[in-house]
Amino acid sequence: MTQSMTAFASAEIETDIATFQCELRSVNHRYLDLSLRIPEDLRPAEQRFRELIAKKLSRGKVDVGIRFKKKQQTSEAIQINKAYAESVLNAVAEIETIQQVSETVNPLEILRWPGVIQEAEKDNAPLISGAEQALQTALDDMQAARKREGDKLGDLIEDRLQAISKELVEIRKHRPTILAAQKEKLLKKLNQIDWEKDDKRVEQELVIAAQRLDVDEELDRLDTHIPEIRAALASGKPAGRRLDFLMQELNREANTLGSKSSDAETTKSAVELKVLIEQMREQ
């Protein structure tokens, strides 16, 4: 199963307290390079979010943004620190005694006194839960998008592999005719040499001709790399490095084939092979 490194996904989740949105963007990278943008209320769950992402995505430069908008809530009851409020009132009464005056104290003034109203403890668990749902949904969508794109890339590479196989078949089909022509050409050249006076040159001509005519090893290696590429694509594991290595090997054999070519047909096929290999490598 091939997966693309480039993908985008978004998700929106609505709960009783808020609407959550999550966006994911991913591009190619050797490792998992994660950038996470979240509100402060979700900061306690940052490590958990990172772990969830790492379980789903093993590679790629991934940009993650999570945000939420709270719904209008009914007003919560004001919590008063009664003991502290009584201490404030006692202090006021003591001041009145010292001043020998008695005035009605405005309750709002007491409420404004720091510490009389207790701030309710924030319960971020519902916010974290909603954000996690949005993140999970977006991650599932990204995996599906990566797989869809990966399937397209796999089909593209398979088309090129089939085209390479056809080129190799054509090269082998024309080899007998090419070898016969090269043999005739070599014999004509040998007939022009004085064997007794220049036997070293004869030996050199034979060696050079043999090396140039023998491309079976390059063709066999090209054939061998094709199933290796298919196996890497079907492995279900990250295959980028393996595929990059195989592309280099294919390109090397195609270059050697081109350098050994002594006829237009083989040269043309070698060039076509390099074009197909480059198209795969770009992916």
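**Figure 1. A nonpolar patch on the surface of the predicted model.** In this predicted model, Ile78, Ile80, Leu108, Leu111 and Ile117 form a nonpolar patch on the surface, and together they have about 430 Å² of accessible area. One of these residues, isoleucine 80, belongs to strand β5 (residues 79–80). Isoleucine 80 has a relative accessible area of 39% and is therefore partly exposed.

**Figure 2. The largest nonpolar core.** This core contains 30 residues, of which Cys22, Leu24, Leu42, Phe49, Val64, Ile66 and Leu135 touch the most other members. Two or more residues come from each of the elements β1 (7–14), β2 (18–27), β3 (32–37), α1 (46–56), β4 (60–70) and α4 (125–191). The greatest contribution is that of α4, with nine residues. When neighbours within four places in sequence are left aside, leucine 135 is in contact with Cys22, Leu24, Phe49, Leu52, Ile53, Val64 and Ile66. Another core, of 24 residues, lies apart from this one and has Leu161, Leu233, Met247 and Ile277 among its members.

**Figure 3. Strand β2 and its partners.** The covered face of β2 consists of Ala18, Phe20, Cys22, Leu24 and Ser26, whereas Thr19, Gln21, Glu23, Arg25 and Val27 make up the uncovered face. Strands β1 and β2 run antiparallel and are joined by eight bridges. They form a hairpin, with three residues between them. Within this pairing, glutamate 14 stands opposite threonine 19 in β2. Strands β2 and β4 also run antiparallel, joined by ten bridges; here glutamine 21 stands opposite arginine 67 in β4.

**Figure 4. A network of salt bridges.** Side chains of opposite charge can pair when their charged atoms come close. The count for the model comes to 20 salt bridges. Glu40, Arg43, Glu46 and Arg50 are linked in a network of such bridges. Within it, the side chains of glutamate 46 and arginine 43 meet at 3.2 Å, N to O. Arginine 43 counts as partly exposed because its relative accessibility is 31%.

Figure 5. In helix α4, glutamate 170 and lysine 173 lie three residues apart, about one turn of the helix. They form a salt bridge in which the closest N and O atoms are 3.2 Å apart. Glutamate 170 is partly exposed, at 32% relative accessible area, while lysine 173 is exposed, at 52%. A second pair consists of arginine 221 and glutamate 253, whose side chains meet in a salt bridge (3.4 Å, N to O). This pair links distant parts of the chain: arginine 221 lies in helix α6 (residues 216–234) and glutamate 253 in helix α7 (residues 240–260), 32 residues apart. Arginine 221 counts as partly exposed, at 37% relative accessibility, whereas glutamate 253 is buried, at 3% relative accessible area.

Notes: Residues are numbered from 1 along each chain as its sequence is written. This is a predicted model: local features need pLDDT of at least 70, side-chain atom pairs count only at pLDDT 80 or more; totals for chains, interfaces and linings use all residues. Side-chain values use heavy atoms; hydrogens and water are left out. A nonpolar core is a set of buried Ala, Val, Leu, Ile, Met, Phe, Trp, Tyr and Cys residues joined through side-chain atoms within 4.5 Å. Buried means under 20% relative accessible area, exposed over 50%, partly exposed in between (1.4 Å probe, protein chains only). Helices (H or I, at least four residues) and strands (E, at least two) are DSSP runs, numbered from the N terminus. Contact means heavy atoms within 4.5 Å. Patches are made of residues with over 30% relative accessible area and no salt bridge: like charges are joined within 9 Å, nonpolar side chains (Val, Leu, Ile, Met, Phe, Trp, Tyr) within 5 Å. Accessible areas come from the Shrake-Rupley method with a 1.4 Å probe; for residues, only the protein chains shown count as cover. A salt bridge is a side-chain nitrogen of Lys or Arg within 4 Å of a carboxyl oxygen of Asp or Glu. Two strands pair if DSSP finds at least two bridges between them.
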